[in-house]
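Visitor: I am new to this one. Could you walk me through it, one question at a time?

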Amino acid sequence: MKPVVTRFPPSPTGFLHIGGARTALFNWLYARKTRGKFVLRIEDTDVDRSTRESVDAILDALAWLGIDWDEGPYFQTERKEIHNRYIDKLVASGHAYYCSCTPEEIDAMREQARAKGLKPMYNGKCRERGLSKAPGTVVRLKTPDSGVTVVNDIVKGDTAFQNAEMDDFIIRRSDGSPMYNLAVVVDDLTMGINTIIRGDDHLINTPKQILIYQALGADLPVFGHVPMVLGPDKARLSKRHGAMSVSEYRDMGYLPDAVINYLVRLGWSHGDQEFFTRRDLIEKFDLEHLGRSAGMFDLSKMTALNAKHIQAKTPAELGPLFLPHLQHLGIDAPDDVFTHQVIETLQPRSKTLKDMARAARFYYVDEPEMDEKAAAKFLTPEMADMLNQAADAIEALSDYTQPALETVFKKIMDDCNLGFGKIAQPLRVAITGTTVSPGIFEMLLALGKEKTVQRIRRAAGRM
């Protein structure tokens with residue numbers, strides 16, 4: 001068997017959206033699973049809408065997701081000569097022909113067909129005229145006028161299309177530019193693509209592409225058309241369902257591994273397993289378990305999965321992903337031991353890296369912003385002696401460890417006749433400025449003795 005060669009061919013007319021990312025992911029995973037090849041091709045033939053900015057955004061999003069490619073990126077507009085070479089071959093072999101019919105003539109043909117209750121289409125007027133290339137002529141493929149073209153689809157099963165309902169469609173415009181379906185087939189053929197997994201919105205193009213393959217005498221690739229990603233209301237995914245582009249989810253604090261995990265599960269299953277590492281997916285992904293039903297995108301489910309991925313990572317792994325979110329808050333921090341300690345204290349309760357960065361802010365500022373309601377409730381004059389005693393005891397510690405801190409807390413509880421919560425919450429507000437923080441001991445150890453004592457004394461001094 002030939003090695004598997006898959007591809008992802010985005011149009012650079014915007015950012016990489018969720019549906020496109022899932023298509024890239026399915027093709028990439030299958031190539032990696034089979035030790036095949038994954039090709040990236042930029043289909044930029046829509047010159048008016050294609051931009052370099054979009055190309056860069058797509059490449060950046062793929063890189064963030066960790067989807068690498070073995071060949072490319074190829075640009076379709078740079079392959080025009082190759083496309084036209086194949087078109088000329090089709091004309092020479094009698095599988096395509098020049099057509100000089102004007103747009104007005106085509107419109108009239110369609111109106112005549114409608115009047116007879118038929119499908120509006122080109123009537124084949126120039127099919128047997130043997131015209132040569134001339135200004136204003138297009139090239140059309142000769143399609144069978146009877147029978148069916150069957151799409152053998154590994155996801156949807158066999159789908160038959162009546163050839164009589166397909167007219168002799170254009171494969172080269174009058175300006176010499178190739179049409180989409182021709183360019184796609186030639187690119188896939190010349191790049192050795194033998195497995196095509198794409199959204200089922202492309203299924204309507206597949207019979208035309210099959211006819212081009214057959215006219216060229218080429219073997220067909222494996223086709224798999226996966227259902228579209230829908231919103232919770234079962235409508236096509238759009239802005240109203242949340243962010244659309246991959247880069248937006250990165251900025252919202254989602255991990256690439258979590259996004260990949262969630263997207264794969266929107267159209268593929270492996271028993272009841274929900275959580276997958278990247279290695280798991282490469283090992284277990286297959287085409288047999290691609291689903292026939294549309295995936296329902298649910299942001300709350302992806303957020304819950306993101307929290308699990310945050311907890312599964314080491315602080316060192318999260319560091320490079322976490323720091324940009326701190327920088328967005330105006331905090332420039334190094335990826336060092338302190339930051340890793342900060343991350344470790346926040347991992348159990350962070351759903352996104354953006355949440356984690358907000359919660360980490362108090363660690364990095366000289367003086368945390370004080371929640372006045374929390375201060376009024378917990379930093380009362382009655383707590384001043386307790387806070388000063390805590391500061392003195394902590395400052396005196398030669399061994400700044402959790403057991404030593406626990407001993408300090410126990411003595412204060414005994415001396416002040418207070419429960420743990422009665423001393424922990426004022427200390428938490430004194431140190432963080434809020435009533436919500438990581439576990440008190442983990443937080444004190446990460447912050448360090450000097451900053452801990454300084455903040456407690458400052459809070460006691462304001463009473």
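Predicted model: local features only at pLDDT ≥ 70, side-chain atom pairs only at ≥ 80, totals over all residues.

Visitor: Is α17 roughly parallel or roughly perpendicular to α19?

Guide: Look at the crossing angle, roughly 105°. Angles of 65 to 115 degrees count as roughly perpendicular. Therefore α17 is, relative to α19, roughly perpendicular.

Visitor: Which residues make the contact between α17 and α19?

Guide: From α17 come L427, A430 and I431. From α19 come T452, R455, I456 and A459.

Visitor: How many residues of the contact of α17 with α19 are nonpolar?

Guide: Sort the contact by class. One residue is polar and one is charged. The nonpolar residues number five.

Visitor: Now to the strands. Which strands does β9 form a right-handed β-α-β unit with, and over which helix?

Guide: The helix is α6 (residues 206–215). Together with β9 it makes a right-handed β-α-β unit, and the other strand is β10.

Visitor: In which sense do β9 and β10 pair?

Guide: β9 covers residues 195–199, and β10 covers residues 222–226. Five bridges link them. R198 stands opposite H225 in β10. The sense of the pairing is parallel.

Visitor: Is strand β9 largely enclosed or largely open?

Guide: Count its buried residues: five of the five. Buried here means under 20% relative accessible area. So β9 is, within the rest of the structure, largely enclosed.

Visitor: Which are the edge strands of the open sheet of three strands?

Guide: The order is β4-β5-β8, with antiparallel pairing. An edge strand here pairs on one side only. The edge strands are β4 (96–99) and β8 (170–172).

Visitor: By how much are neighbouring strands of this sheet turned against each other on average?

Guide: Direction is ignored for this angle. The average is 45°.

Visitor: Last one: which residue of β5 does Y98 stand opposite?

Guide: Strand β5 (residues 138–141) runs antiparallel to β4. Four bridges join the two. Opposite Y98 stands V139.

Conventions
Residues numbered from 1 in each chain as written. Heavy atoms only, no water. Buried < 20%, exposed > 50% of the residue type's maximum accessible area, 1.4 Å probe, protein only. Pairing = 2+ DSSP bridges. Right-handed = clockwise from strand over helix to strand, strands pointing away. Axes fitted to C-alpha atoms, helices over the stretch in contact; angles between N-to-C directions. Parallel < 35°, antiparallel > 145°, perpendicular 65-115°, else oblique. Contact = heavy atoms within 4.5 Å. Nonpolar A, V, L, I, M, F, W, Y, C, P; charged D, E, K, R; others polar.
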